[in-house]
Amino acid sequence: VLAAASLLLSGAVAGLLGALLGVGGGVLVVPILHLGFGVDLPVAVGTSLVVITGTSIAGSAGYLRRGLVDLELALALAMGTLAGALAASWAAPFLPERVVAWLFSAVLVLTALNLLRKGRRGEGGAEAAVGGRRTAAFLLTPLAGGASGLLGIGGGLVQVPILRLLLGLEMRRAVAVSTLMVGWNTSVAAVIYLGRGEVDLPKVPWLLAGILGGALLAPAVGARLAQRSLEIGFALLLLYGAVRMMGS
Amino acid sequence: VSLEARAPLLRRLLLAAGAAALAALLLSAFPLPAAGAFRTAGLALLLGAPWLVVLVCLGDAAARRAWGWVAVAAALLAVAALSLL
């Protein structure tokens with residue numbers, strides 16, 4: 001009961017912070033499981049993939065309601081991300097765990113830097129609407145899928161910049177398309193990790209329920225918090241997580 | 001009719017499948033006789049739900065005779081099926 005409650009609470013904090021700061025679930029779930037609950041890194045990655053599929057479903061439903069999802073663009077780009085997700089999931093067991101931990105640390109540092117830079121460039125950041133670069137976007141999307149398959153993250157960290165900078169989508173539309181595509185990447189990668197027995201199934205329901213609950217609470221809690229302080233505090237926490245992951 | 005017209009249906013499908021998956025997975029966490037079945041059903045619903053979107057798009061594109069999109073959606077489903085191997 002205690003383990004379930006702590007997973008539920010950890011998930012709720014991850015869901016709350018993820019929704020408040022626009023940080024993907026995997027960036028939080030993998031360190032929570034690996035550093036907080038002592039789960040082996042490959043199993044933490046596999047478990048995260050299952051959980052993130054759930055958050056992608058909930059997020060996509062919300063974005064579809066608001067008419068922000070460009071389904072045709074998502075379908076057109078998905079082949080590249082899927083190929084990346086499949087290849088990375090199959091390759092993951094052949095990579096030393098230390099390499100995966102270091103790559104994950106790099107993702108944490110990048111996410112922290114993104115949060116710290118957000119305040120300096122203002123809300124939403126600069127739009128670089130270039131457009132018409134679908135070929136380049138298609139060639140780069142396997143990186144997003146690869147990040148999913150190898151590190152247990154959604155891949156939005158790679159996907160959203162591709163959608164914004166190469167295809168000229170505005171931020172909220174880029175996030176909406178990415179959220180839908182994340183579900184496709186993570187579900188196929190999760191099936192491969194499940195097949196290898198690298199998913200901690202008893203932890204999935206509590207983490208998933210916690211994350212979804214935390215995300216639902218975010219609008220109410222967010223109004224009472226100083227956004228910039230939260231971003232800086234969370235960036236420091238991510239940097240601490242990066243150091244711990246490197247040493248794990 | 002564009003694929004975007006299917007957004008309300010897709011939203012309802014995702015919500016229904018996601019809620020059913022979460023309920024089944026939560027039930028699987030309790031010591032019930034059918035816990036294993038709930039876990040399997042929950043995982044299948046959870047990992048299958050994103051693909052409902054592609055299936056609906058495939059059906060919609062076929063109805064519109066938009067064969068290019070039919071090919072794209074079918075190829076995505078085929079690639080996703082590789083994960084089951």
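Visitor: Which handedness does the crossing of α1(A) and α10(A) have?

Guide: A crossing is left-handed if the near helix is turned anticlockwise from the far one by less than a right angle, and right-handed if clockwise. Here α1(A) passes α10(A) in a left-handed crossing. The contact (heavy atoms within 4.5 Å) is made by A:L17, A:L20 and A:L21 of α1(A) with A:Q227, A:L230, A:E231 and A:F234 of α10(A). By class, that contact has five nonpolar, one polar and one charged residues; Ala, Val, Leu, Ile, Met, Phe, Trp, Tyr, Cys and Pro count as nonpolar, Asp, Glu, Lys and Arg as charged, and the others, Gly among them, as polar.

Visitor: What should I know about the model and its labels?

Guide: This is a predicted model, in which local features need pLDDT of at least 70, side-chain atom pairs count only at pLDDT 80 or more, and totals for chains, interfaces and linings use all residues. Residues are numbered from 1 along each chain as its sequence is written, chains are lettered from A and ligands numbered from 1 in the order in which they are written, and side-chain values use heavy atoms, with hydrogens and water left out. Helices (H or I, at least four residues) are DSSP runs, numbered from the N terminus.

Visitor: At what angle do α3 of chain A and α2 of chain B cross?

Guide: Axes are lines fitted to C-alpha atoms, for helices over the stretch in contact, and angles run from 0 to 180 degrees between N-to-C directions. Helix α3 (residues 41-65) of chain A and helix α2 (residues 35-63) of chain B cross at roughly 55°, their axes coming within 9 Å. That makes α3(A) oblique to α2(B), oblique being what remains after under 35 degrees (roughly parallel), over 145 (roughly antiparallel) and 65 to 115 (roughly perpendicular). Their crossing is left-handed.

Visitor: Where does α2(B) kink?

Guide: The bend at a residue is the angle between axes fitted to the seven residues ending there and the seven starting there. In α2(B), a kink of about 45° lies at B:A49, shortly before the proline B:P50. After α2(B) comes B:R65, with a positive phi near 55°.

Terms used: Helix = DSSP H or I, 4+ residues; strand = E, 2+ residues; numbered from the N terminus.
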